[in-house]
Each structure stands twice: as C-alpha cells, then as structure tokens.
Amino acid sequence: MERRRPPQTEEGWYVLHDFRSIDWDAWRDAPERHRSSALEEGVNYLSAAEDAVDAEEGESATFAMIGHKADLLVLHLRPTLADIDALERGFEQTALAEYTERADSYLSVTEVSGYMSEEFFEDDAEVEDTGMRRYIETRLKPTIPEAEFVSFYPMDKRRGDADNWYDLPFDERADHLSSHGEIGKEYAGRVTQIISGSIGLDDFEWGVTLFADDPTDVKDLLYEMRFDPSTSRFAEFGRFLSGRRFPPEQLDAFLAGEPIPQDESDHGHHHGESTHGGHHGDSSGHHHGDSDGSDGHHGGDDGDDESVRSELEEMGVYAGQPHGEDVHAVVLYSAADPGELYEEVDGLRTNFDHYDTHVKTAVYEPSELADEESETAVVSLWETERAANTAAGFLADLPEIVRQAGDDRAPAGADGERGDGPASDDSWGTMGMFYAVKPEHREDFVDTFEDAGALLADMEGHRKTDLLANLEDENDMFIASRWDSREDAMQFFRSDAFADAVEFGRDVLEKRPRHVFLA
C-alpha cells in the first residue's frame, strides 16, 4: 500500500475568530450606568487587544457582522495559544460580556507548507530569495489589513471516492494550487487574505479570512475560483460570515445602531497596505489575492540617514525621508528581458493603482553605458511602509528576480548561486532616483554620467554605479550606487566633482535630483 508523504508545515501565530451575538433586549433595558460601564470596559478591552498590550507581538481587530449569524467579531492573532486563551477569558471578565453570547468561534494557526517552498524545510537550508523569505514571514506573522470588509469561512479538501485530494501525487497537487493561485494574482491590491490551518484545532482543515474595500471584489474572486478544478473538484466549504471593520472607540455607535465607521479618517481609508496572497488551503503561498505583510527591509540606521539628508540638503540636493520623495521604495533587479518584464509589471501596476497609497511603479532598463552584468530594475513607490513591504512580495514573483535592494547577501550569479563577494550588510547604498532630464539635454546628461563613472571607478570604497532609464520615459533616469560605507559615499558627496555635477544638473534637469538610501 502506497502512503503519500505529507508536505511539511511550519506554524506561526494562533488565530481566534470570536463571534458574538448581542442581547439587544437586555442592552436596551439596562440602566444607563450599566451601559456606560459596559462601554468603557468594552472599549478598553478592544483597544488594548488591537494594541497587543498583552503580548510582545500580535494583531487584533473588531468587526460589525452583517446578518443573523453574529453581531460582532473580535479577531485575534497571537504567538501562543496561552495568549489566545487569556484574551478569550479576558473578554468574559468585562461588563460588556454580560450582554453578549458566543455565536461561533474558530481556532487555527498560521502556517506555510512545502507547496510554497520546499527549500524552506531542508536541513540547514536558507531561503535564498529575499522576496520569498519576507513572504514566508508575512504568512507566519501576518498583519490584519485596514480594509473595511471581511469575509470568513472554513474549508476542507475533498476526500471522496471519485475525487480525493490526499490521494493525488505531490506534483499534481502543486500544479492545481499554482493554477489556482494565478487567479488570485489578478486581484492583487484588491483582496487580501489570511489562511490558517486548523487540522486538530477545529472542525475544518483551514480557515480563510478575506479582506477588501469593495465586497464585490471578494465575490468576483470566489466566483471565478469556483470554476478552477482545485475548487470545483476538491474544495468543500463551511458557512460564510461577513462584516465591516470599525475602531474600538466607536463601540458606542455600534451598540446605538448608528452608521460605522463614523469618521473615515479615524478608520483610515488607505487600504493598499497589504499585497500578497495564497490559495485555498494547504498554505502553498500561491496567490489568492493579497497576503498582508511587514518586516520589509528599507534602510539602515535612522540617525545616519538623517545626518546624510541634512548634508545633502546643504548641497542643494533633496534627500526626502529615508526612502526618498517622502515615500517608501521597493527596488528589485531582474535578469529578464525588459519588454517581457514590463508586461508583467504593467498588470501588477493596474491592481496597485486601486490604492491611494500607490505612488508609482516602473521598469528601468540599463542605459547604453551599462555593462553585460547590469540588470533591469523594478521600482515601486508607496506612501506607507506596510504597503511597500507587501508590494515587495508580489514584485518578488516577477520573472528572473535576482535580488532586492537591501538584501543582506551578495547578489545571485548567472548560475543562481550567491556570490562570494562582500555581502551588502558590509556596505552602504545610496540610490539617486527621478533624475528628470530635460529632453534636449539627455545626451549631455548621459555623457556627464560616463565621465563621472570613470571618476567613481577610482574612488576608494566605491563598488558599482549604474545608470538606468524608465522604459516608458527615457528622460526619467535612475542611478543606483553602492559603497563600502556611509563615509566613503559622503566623501564623494563632499567632493568638488559632486558639486560640479549638482551645478551641471541645474541646467539639464527639470527638477533637482532626489535621493533614496538603502543600507
């Protein structure tokens, strides 16, 4: 008898969906002082939970549920089951709990599996791909997105006589999930998910929580997935519960039957802060929409960056925030053909544009001065760090990504192996972005860069500097430069050569150069 080898899993945070029904008759009949006490204790509990004051890490959120199944959902994610247990019992100690009944609950734990990355589970192995490493981290320790709408449902993989998911070979299951995930990629930037495993913890095998600003995006996604064999042949679902998020301080409005959230500025309406996804179950990491993210690497020591910005400002160069342009930047490099890469990026950008937090995403190809080792860059700019971090997860899936700016290891070579050169944790990077060149002076700018490149090659501590041009606007130039240390780079910034370059730029640039730092 053949026994299938189950894909390995790695668990992260525990997840509790705590659904409550309100005893509306008791609430209306309660004395005002009792209602005031219940409100105060309820707000304090929910606010403390969302601030994760009970644990070193974690997430919580509050939702008003729609329909008869429940009135309130308090969603908790915490590192340990003891944390979840304490939160659950802590609510029962509040005066608000007297006016609620448990309508339902679901216990699960975030996970990744071998469908996502077999390399992750190899002994002493390190996931080489920066985007994949961060994506795995966001799957294990997710951030609850700020999207207004939530939809939760549990699910199983079918174990019938005709269609049994667990009897399929690994490669066939992986192919199903990959195809399924391609549908989810089309909803990047619109639908965000948290998938958690619940075998042995609750009645189904997985819990799926979807977040969106527009509920019809969730409907359209799930409708389209119904026609995919991974769903039509192998998926079975429990009941769906849907609701809308509101801030804890508006609990009084919720209980009074008033519209919530009452003030969108309190709730926050920039929901493009989560951008990576998966599939129905099995924690493969194939995209279901978005998967919330954090922990991206965007810079080094804040004090160093601040002093560098000040020095550059004195030289007449705008340095913005640590990520330049007062935004957060993601920069990845690809060995793919620039035209093919652009087609992929353009599809992602269409989805990114649904979010107010998205500033710009573009492909920059090496200029005519580039050597054979120069790579094409994908630059994505966002108003919030969370959005930039999670966008990085989607961008990491682009063709032939070889490294991400800020990666703490040497770039991969043509054979896919990491280089033996100094890792970038020993270096300091500065990136000049948005050199908007006047069209009539583009040739002058390129010639000047070529002269500067020769000068840089002889400077101590200089590693590499490339000039790239926006595939859609050749006058939008991008300069990427790496140095052994901050001081090496600053020596150049303080040099007469750099001062001459700045002065030259006043004549040939549409606006003064703007820089972003990645350490």
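This is a predicted model: local features need pLDDT of at least 70, side-chain atom pairs count only at pLDDT 80 or more; totals for chains, interfaces and linings use all residues.
Trainee: Where does arginine 244 lie, and is arginine 244 buried or exposed, or in between?

Mentor: Arginine 244 belongs to strand S9 (residues 241–245), where strands (E, at least two residues) and helices (H or I, at least four) are DSSP runs numbered from the N terminus. Its relative accessibility is 26%, and since buried means under 20% relative accessible area and exposed over 50%, with partly exposed in between (1.4 Å probe, protein chains only), arginine 244 counts as partly exposed.

Trainee: Which residues are in contact with arginine 244, leaving aside its neighbours within four places in sequence?

Mentor: With contact meaning heavy atoms within 4.5 Å, the partners are Thr62, Phe63, Ala64, Ile66, Glu148, Ile260 and Pro261. Alanine 147 is 97 residues from arginine 244 in sequence, and the two are 8.6 Å apart in space, C-alpha to C-alpha.

Trainee: Why is glutamate 111 said to have no salt bridge?

Mentor: A salt bridge is a side-chain nitrogen of Lys or Arg within 4 Å of a carboxyl oxygen of Asp or Glu, and for the buried glutamate 111 the nearest side chain of opposite charge, arginine 139, is 6.8 Å away. Glutamate 111, which lies in strand S4 (residues 100–113), makes a polar contact through its side chain with the side chain of tryptophan 206 at 3.0 Å.

Trainee: How do you know that aspartate 54 and arginine 78 do form a salt bridge?

Mentor: Their closest N and O atoms are 2.9 Å apart, which is within the 4 Å cut-off. Aspartate 54 sits in the loop between H2 and strand S2 (59–66) and arginine 78 in strand S3 (residues 72–78), so the pair ties together parts 24 residues apart in sequence. Aspartate 54 is partly exposed at 35% relative accessible area, whereas arginine 78, at 0% relative accessibility, counts as buried.

Trainee: What links lysine 360 with aspartate 476?

Mentor: A salt bridge joins them, with closest N and O atoms 2.8 Å apart. The pair links distant parts of the chain, with lysine 360 in strand S12 (residues 358–366) and aspartate 476 in strand S17 (residues 473–483), 116 residues apart. Lysine 360 is partly exposed at 22%, and aspartate 476 is buried at 7% relative accessibility. By the salt-bridge rule the count comes to 25.

Trainee: Why is the pair of tryptophan 24 and phenylalanine 254 called tilted?

Mentor: Rings of Phe, Tyr and Trp (its six-membered ring) pair if their centres lie within 6.5 Å, and planes under 30 degrees apart count as stacked, over 60 as edge-to-face and the rest as tilted. A search of the whole structure finds 15 aromatic pairs. Here the centres are 6.2 Å apart and the planes stand at 55 degrees, so the pair is tilted. Tryptophan 24 lies in helix H1 (residues 24–29) and phenylalanine 254 in helix H8 (residues 251–255), 230 residues apart. Tryptophan 24 is partly exposed at 27% relative accessible area, whereas phenylalanine 254 is buried at 9%.

Trainee: What class does the pair of tyrosine 45 and phenylalanine 91 fall into?

Mentor: Their ring centres are 5.4 Å apart and the planes meet at 65 degrees, so this pair is edge-to-face. Tyrosine 45 is in helix H2 (residues 32–50) and phenylalanine 91 in helix H3 (residues 81–92), so parts 46 residues apart in sequence are tied together. Both count as buried, tyrosine 45 at 12% relative accessibility and phenylalanine 91 at 2%.

Trainee: How do you know that lysine 157 lies over the face of tryptophan 165?

Mentor: Lysine 157 is 4.4 Å from the ring centre, and a charge sits over a ring if NZ of Lys or CZ of Arg is within 6 Å of the ring centre and within 35 degrees of the ring normal. Arginine 403 likewise lies over the face of tyrosine 333, at 4.0 Å from the ring centre.

Terms used
Residues are numbered from 1 along each chain as its sequence is written. Side-chain values use heavy atoms; hydrogens and water are left out. Lys and Arg count as positive and Asp and Glu as negative; His and the chain ends are not counted. A polar contact is a pair of N or O atoms within 3.5 Å; within protein, one must be able to donate a hydrogen and the other to accept it, and residues adjacent in sequence count only if both atoms are side-chain atoms.
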